[in-house]
Amino acid sequence: MVDWILVLAGGAVGAPVRYLIGTAAKARLRWTYPWGTLSANLGACLLLGLFVEAGTGGTLDASGQALLSTGFCGALSTWSTFSYELLTLAGGRKSIEAAGYLLVSVVLGLTASFAGAGIARALW
Amino acid sequence: MIIAVAAGGAIGALARYGVSRMWPNGGDAYLVWRTGAAAFPWTTLLINAVGCFLMGVLTISLKKRFTGASPLLSPLLGTGVLGGFTTFSTYTDDARRLFENGQPGPAVAYLILTVGASMSGVLLGVACVAGMLQVRRGGSDTRQGREGS
């Protein structure tokens, strides 16, 4: 029961953080590229790599995983907004930008995950 | 606005947790089979594909059909619920674990399959709603035509 509440709490924080990153990016950067979603996703990938590896190492227990990994990182990152942004870019005759956005997200997201796990191994 | 996103995010994350508890595999679970091979993360793949489909349905519905809907609906359901339901970080982390477990084939397959399923999902969602609206409009046009003649 407690882990459900922890996931709920993590999700209630992760999603608004993504929303705030999105609005900040929109206000600061005039170029209409989805910087907000990209930063939220990459940040979440780095953190999740760190948390999951900390869990494997025994530093972060199941409750911490529910709150930080499943709840916070899961809600901070998104596929649904990402896919719609890709569709909008591709539909707006910006196929190269769309392909670039996809490739950068996947490659850097994976790199961030490895980096987060590496940091966790170095720390604990 | 923030509260709507937070409430939605909490619901979405909870739904994802529920689904991944129901079908534990490579996703949020740490299931490694006795053979030493990690399970293929079908659950996360399915969650992301379904979330993208619903995002397509929601966004086009709000844009084309329910134009007078509350401005809170998109942050609540889109940014909140669907954003909290789908996850990019688990996607890359699942792939990382498959790579680290010496399964580069499934890892690459998972990376590509998720992109394909999610993009198909959002496209299908958009197409479904667009098609339904087309049928409605077409139907009312025929009626008007008959009345006119």
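Two residues are in contact here if their C-beta atoms, placed from the backbone, lie within 7 Å. This is a predicted model, in which local features need pLDDT of at least 70 and side-chain atom pairs count only at pLDDT 80 or more, while totals for chains, interfaces and linings use all residues. Residues are numbered from 1 along each chain as its sequence is written, and chains are lettered from A and ligands numbered from 1 in the order in which they are written.

**View 1. The contact between chain A and chain B.** Chain A gives 39 residues to the contact and chain B gives 41 residues. On the side of chain A that touches chain B, the elements giving two or more residues are α1 (2-28), α2 (35-56), α3 (62-76), α4 (80-91) and α5 (95-123). Helices (H or I, at least four residues) and strands (E, at least two) are DSSP runs, numbered from the N terminus. The largest share of this side, eleven residues, belongs to α1(A). By class, this side of chain A has 23 nonpolar, 15 polar and one charged residues. Ala, Val, Leu, Ile, Met, Phe, Trp, Tyr, Cys and Pro count as nonpolar, Asp, Glu, Lys and Arg as charged, and the others, Gly among them, as polar.

**View 2. Chain A as a whole.** Chain A has five helices and zero strands, in the order α-α-α-α-α along the sequence. Its C-alpha atoms fill a box of roughly 50 × 30 × 25 Å, taken along the principal axes. Of its 124 residues, 53% count as buried. A residue is buried if 20 or more other C-beta atoms lie within 10 Å of its own, exposed if 12 or fewer, and partly exposed in between, with C-beta atoms placed from the backbone. Among the contacts in chain A with a separation of 6 or more, 76% join residues 24 or more positions apart.

View 3. The UniProt annotation "transmembrane region", from an unreviewed entry, covers residues 6-21, 33-52, 64-87 and 99-123 of chain A. UniProt positions are given in the numbering used here, feature names are shortened, and annotations may be inferred rather than shown by experiment. Residues 33-52 of chain A are 90% helix and 0% strand, with the end C-alpha atoms 30 Å apart. Over residues 64-87 of chain A, the values are 88% helix and 0% strand, and the end C-alpha atoms are 35 Å apart.

**View 4. The annotated positions Gly74(A) and Ser77(A).** The unreviewed UniProt entry places the feature "binding site" at these two residues. Gly74(A) lies in helix α3 of chain A and is buried, with 34 other C-beta atoms within 10 Å. Leaving aside neighbours within four places in sequence, Gly74(A) is in contact with residues of both chains, including Gly11(A), Gly14(A), Ala13(B) and Arg16(B). Ser77(A) is in the loop between α3 and α4 of chain A and counts as buried, with 31 C-beta neighbours inside 10 Å. With the neighbours within four places in sequence again left aside, the contacts of Ser77(A) include Ala40(A), Asn41(A), Thr87(B) and Phe88(B).

**View 5. Helices α2(A) and α3(A).** These helices pack at an angle of about 165°, with their axes 9 Å apart. Axes are lines fitted to C-alpha atoms, for helices over the stretch in contact, and angles run from 0 to 180 degrees between N-to-C directions. The angle makes α2(A) roughly antiparallel to α3(A). Angles under 35 degrees count as roughly parallel, over 145 as roughly antiparallel, 65 to 115 as roughly perpendicular and the rest as oblique. Residues of this contact include Ala40(A) and Leu47(A) of α2(A), and Leu68(A) and Cys73(A) of α3(A). By class, the contact has nine nonpolar, four polar and no charged residues.

**View 6. Helix α3(B) and its surroundings.** Helix α1 (residues 2-22) and helix α3 (residues 73-85) of chain B pack at an angle of about 30°, with their axes 6 Å apart. That makes α1(B) roughly parallel to α3(B). Eleven of the 13 residues of α3(B) are buried, so this helix is largely enclosed by the rest of the structure. The buried residues of α3(B) pack against α1, α3 and α4 of chain A, together with α1 and α2 (42-65) of chain B.

**View 7. The loop residue Arg93(A).** Arg93(A) is in the loop between α4 and α5 of chain A. It has a positive phi of about 55° although it is not a glycine. Arg93(A) is exposed, with 9 other C-beta atoms within 10 Å.
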